[in-house]
Amino acid sequence: MTEQPSPSPQPGEPPSPAARRLLLVHAHPDDESINNGATMARYAAEGAHVTLVTCTLGERGEVIPPGLAHLSGAALGQHRMGELAEAMRALGVDDFRLLGGAGRYSDSGMMGLPDNDDPGCFWQADVDQAAGLLAQVILEVRPQVLVTYDDDGGYGHPDHIQAHRVAMRAVELAARDGWDLPKVYWNRVPRSVAEAAFARLDDDLPALPFDKAGEIGDVPGVVDDALVTTEIDGTAYAAAKAAAMRAHATQITVAEPYAPYFVLSNELAQPLFTTEYYELVRGARTPGGRESDLFAGTGTGSGTTAGTGEAS
Ligand SMILES: [Zn+2]
């Protein structure tokens, strides 16, 4: 396995942080900020190239603010594109794309609803065709790291399951066509971390602007601790993550004044994690305990690159 992390490193020069390229594949606008906001902000700040591919516009999402309750379908999708752009500004990410262009695939709705049968929805998409579109992005960007969901999509939503299938197939297609992605991760939360966070939430709930707490089952990707290979400390980017989540105002309410909790449209309080966790499913694990850098072992330099300034 020889890896060529950067297409054109100068002879004798160490790889620059800008050579690090991270691609995230998500189902709807807001999933990236909830799952990976701190990770995205951290790597963008460190000069890595961060690319987000979102598969649908989330046109079937439930809208929280009464003042925006009139938005649905295409109008909601249009509005959520604006929310996504604002979230990306908060995270410092300027490369974000809709799979196949805006509106190519529509939101499939929750599992079991008649919406799942809409021929234009992502759940009905031909996996190879959608993966071909994503493989084009992979071949253009040449990321060393791809992040997506597990095979249950984290919690069983059809668009999340399909995003997983499309991402994993695109990795195969890109490998065939010239870019063998060194590392692929699934989003995870260690069970012990989730349990501790919900215990804190029970204590904090009386001081929060929310009435009821959710439960661990509301958090996508919770698994036994032993499955978690990688832990990204994004504490320094907690404010950026909260701002990005707040930008998705139709879908998320973050506790104000800032506390590490939020609600979705079900109004059940959940912890807002600023350390984000992953399971490495493609690529070699580095020896020792959990990795603290998604790029560990890719030959692109460590994640500690203070003072690099703007990279291009
Ligand atoms: Zn989603």
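Me: When does a charge sit over a ring, and at what distance from the ring centre of Phe295 does Arg20 lie?

Reply: A charge sits over a ring if NZ of Lys or CZ of Arg is within 6 Å of the ring centre and within 35 degrees of the ring normal. In this predicted model, Arg20 lies over the face of Phe295. Its distance from the ring centre is 5.5 Å.

Me: Over the face of which residue does Arg42 lie?

Reply: Arg42 is placed 5.1 Å from a ring centre. The ring whose face it lies over belongs to Tyr43.

Me: Why is the pair of Tyr185 and Tyr278 edge-to-face?

Reply: The structure holds three aromatic pairs. In the pair of Tyr185 and Tyr278, the ring centres are 6.0 Å apart. Planes over 60 degrees apart count as edge-to-face. The pair is therefore edge-to-face, because its planes stand at 70°.

Me: How many residues apart in sequence are the parts that Tyr185 and Tyr278 tie together?

Reply: Tyr185 belongs to strand E5 (residues 183–190), and Tyr278 belongs to strand E12 (residues 275–282). The pair therefore ties together parts whose separation in sequence is 93 residues.

Me: Is Tyr185 buried or exposed, and what is its relative accessible area?

Reply: Buried means under 20% relative accessible area. Tyr185 is buried, and Tyr278 is buried with a relative accessible area of 0%. For Tyr185, the value is 0%.

Me: Which residues are the protein donors of the zinc ion?

Reply: The donor atoms lie 2.1 to 2.5 Å from the zinc ion. Along the chain, the donors follow the spacing H-x2-D-x128-H.

Me: What is the site of the zinc ion, judged by the angles among its four donor atoms?

Reply: Four donors count as tetrahedral if all angles lie between 85 and 135 degrees. Here the angles are 54 to 144°. The site is irregular.

Me: How many residues apart in sequence are the parts tied together by Asp31 and His160?

Reply: Asp31 lies in helix H1 (residues 31–45), while His160 lies in helix H4 (residues 158–176). Asp31 is buried at 7% relative accessibility, and His160 is buried at 2%. The pair therefore joins parts with a sequence separation of 129 residues.

Me: How far apart in space are Gly178 and Leu201, C-alpha to C-alpha?

Reply: Gly178 is in the loop between H4 and E5 and counts as partly exposed, at 43% relative accessibility. Gly178 and Leu201 are 23 residues apart in sequence. In space, C-alpha to C-alpha, their separation is 47 Å.

How values were computed:
Residues are numbered from 1 along each chain as its sequence is written. This is a predicted model: local features need pLDDT of at least 70, side-chain atom pairs count only at pLDDT 80 or more; totals for chains, interfaces and linings use all residues. Side-chain values use heavy atoms; hydrogens and water are left out. Rings of Phe, Tyr and Trp (its six-membered ring) pair if their centres lie within 6.5 Å; planes under 30 degrees apart count as stacked, over 60 as edge-to-face and the rest as tilted. Helices (H or I, at least four residues) and strands (E, at least two) are DSSP runs, numbered from the N terminus. Buried means under 20% relative accessible area, exposed over 50%, partly exposed in between (1.4 Å probe, protein chains only). Donors are N, O and S atoms within 2.8 Å of the metal (3.2 Å for Na, K and Ca); water is not among the atoms, so sites may look incomplete. Four donors count as tetrahedral if all angles lie between 85 and 135 degrees; four count as square planar and six as octahedral if opposite donors are over 155 degrees apart and all others between 65 and 115; anything else is irregular.
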